[in-house]
Amino acid sequence: MKLRFDRAARRIWKDRAMSTAALACVVVALVPLGSILFTAASQGIQSLNPGFFTSAVPPPCGSASTETCTPGGVGNAIEGTLVLVGLASLVAMPVGVLAGIYLSEYGNNRLGRGVRFFVDVMLQIPSIVVGIFAYTLIFELGRAGWTDPRSVFSTLTGVLALATIMVPIIARTSEEALKLVPNATREAALALGLPKHRVITGVVLGSARSGLVTGALLGVARVSGETAPLIMTAFGSPYFFQGLNQPIAAMPLVIYTFGLSPYPNWQHLAWGAAFVLVLMMLGISVVSRLALRGRFSLAEVAR
Amino acid sequence: MNVKMQTQHLSAWYGSKKAIEDVTMDIEEHAVTAIIGPSGCGKSTLIRCLDRMHEILPKTRVEGKVLLDGEDIYEQPAVAVRRKVGMVFQKPNPFPTMTIYDNVAAGLKLGGIRDPDELDGRVIRSLKQAVLWDEVQDGTGKSGMSLSGGQQQRLCIARALAVEPEVLLMDEPCSALDPIATAKIEDLIFDLKKDYTVVIVTHNMQQAARVADWTAFMYLGKLIEFGRTRELFEHPREELTEKYITGRFG
């Protein structure tokens, strides 16, 4: 009897120790996140004012005490990021989702396995290399006379780079989302006498929609913060959107350039931009979660 | 006997494994035909050959003929065959993200019927035929997954009936249900044979005895005996059949 009691006590003790350890790990994992949010908010919130969102970036100022500073903001960078990410999504989402459909519904063969392998390789390519790829592609096209050689640093090149990063992410997440749809669902639809493409568009995609949206969001979130591939493509610009063949500003570029600059007014803007970029990501995520709560939110929660 | 479907020397494989061998049997129109036998005897495979669902699995093969109204279904497009021969599965499988209404209307909508009045009419009629209408008429906008297991299975029957098949195949439709839900489905099967030809796979011999006009007994992929349900249960011709129905193996 005594032995039993000891065992039980030991198990309870072990259980408590493991639970505490797990909780401690969660705290450790959350510390950087909290720190980032807190620092970005406390440093960035001071720069926020209406002009911050509406004005273009100002000239550098504040290193000499005699200067008067022109106020400015990062409105053009916010617009630039929205344009770049929006256009990149427009290109990458259909391509990525269609690739995911192929991999999940038709890819159970040698070609499918090959495609899956190369998509996985693409996922691992450093984003700066993708930037060089987009740069080189547009540059070579320009040399061949297909495009204007001056448009190497342009919105279009930036979109090409970001879309190239997004496609494999969306393709793989879409594939996984579609594979989670039970085969029973496909069989039920096939047994109704529906051709395979109607089964996919009418039933399978609908069943996987929350996974598909999550995948697309992962793609958006990933490229919204990308800096490296934009340095040699979108290039950055002190102006609002000038055209698809012109350089364009972007939030990460502003944070990168202004944060490293010696000018206090630029540094403040970089903090503000960092805070707003975090908020934008949070906003995208929350809005799409809300949009997903369709008619069956309760039923889905219950499952 | 008015023959609706007929298999002729039908064999089916999964890869190199032969699941059914040389099955020849008739299926009577407006009657219920039950297929019984121990697990793994090929009864599900046989029923899946009747609407060409066997071939959607990889590395499967079918030999022999399956006639529907005298014509070989393997010479026709699979999609057209499945419109005429509907199927209900072992586990209730409503489309998870669709409402009750959309579940029933799915085959029609995705098949190109847009007219809302026609859709309403056929959805309501199918739900009534599946004896589900009284329970769901106030909430056809709810998710199909919000129903109980037995209701979900009747929803799946309504969904299969909505596309107006001539034959309804049921692959152990009650094995995931409790006795009350099972009784409802059995009553329903009895009513359905007025309008449809029904083939039901079951591992439950009492169920076959209760609902079926004809019964086929399968063992190790072969059709051992086929006949009127009453005769097969009371005076089996084969020793194997007698052993199985008296519970001496299986």
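This is a predicted model: local features need pLDDT of at least 70, side-chain atom pairs count only at pLDDT 80 or more; totals for chains, interfaces and linings use all residues.

Residues are numbered from 1 along each chain as its sequence is written, and chains are lettered from A and ligands numbered from 1 in the order in which they are written.

Chain A contains 13 helices and 0 strands, with helices (H or I, at least four residues) and strands (E, at least two) taken as DSSP runs numbered from the N terminus. Chain B holds 10 helices and 10 strands. The radius of gyration of chain B is close to the value that the globule rule gives for 250 residues, so chain B is as compact as a globular protein of that length. For chain A, a compact globule of 303 residues would have a radius near 19 Å, but the chain has 25 Å. The radius is taken over C-alpha atoms, and the rule is 2.2 Å times the number of residues to the power 0.38.

| Chain | Radius of gyration | C-alpha span along principal axes |
|---|---|---|
| A | 25 Å | about 85 × 65 × 35 Å |
| B | 18 Å | about 55 × 40 × 35 Å |

Between the chains, 23 residues of chain B are in contact with 20 residues of chain A; a contact requires C-beta atoms, placed from the backbone, within 7 Å. On the chain B side, α2 (78–84), β6 (85–88) and α3 (100–110) each give two or more residues. This side comprises 12 nonpolar, 7 polar and 4 charged residues. Here Ala, Val, Leu, Ile, Met, Phe, Trp, Tyr, Cys and Pro count as nonpolar, Asp, Glu, Lys and Arg as charged, and the others, Gly among them, as polar.

Within chain A, the axes of helix α4 (residues 110–124) and helix α6 (residues 155–179) come within 9 Å and cross at roughly 130 degrees. Axes are lines fitted to C-alpha atoms, for helices over the stretch in contact, and angles run from 0 to 180 degrees between N-to-C directions. Val119(A), Met122(A) and Leu123(A) of α4(A) meet Pro168(A), Ile169(A), Ala171(A) and Arg172(A) of α6(A). These residues divide into 6 nonpolar, no polar and 1 charged.

The mean pLDDT of chain A, the predictor's confidence in each residue from 0 to 100, is 88, and 92% of its residues reach 70 or more.

How values were computed. Two residues are in contact if their C-beta atoms, placed from the backbone, lie within 7 Å.
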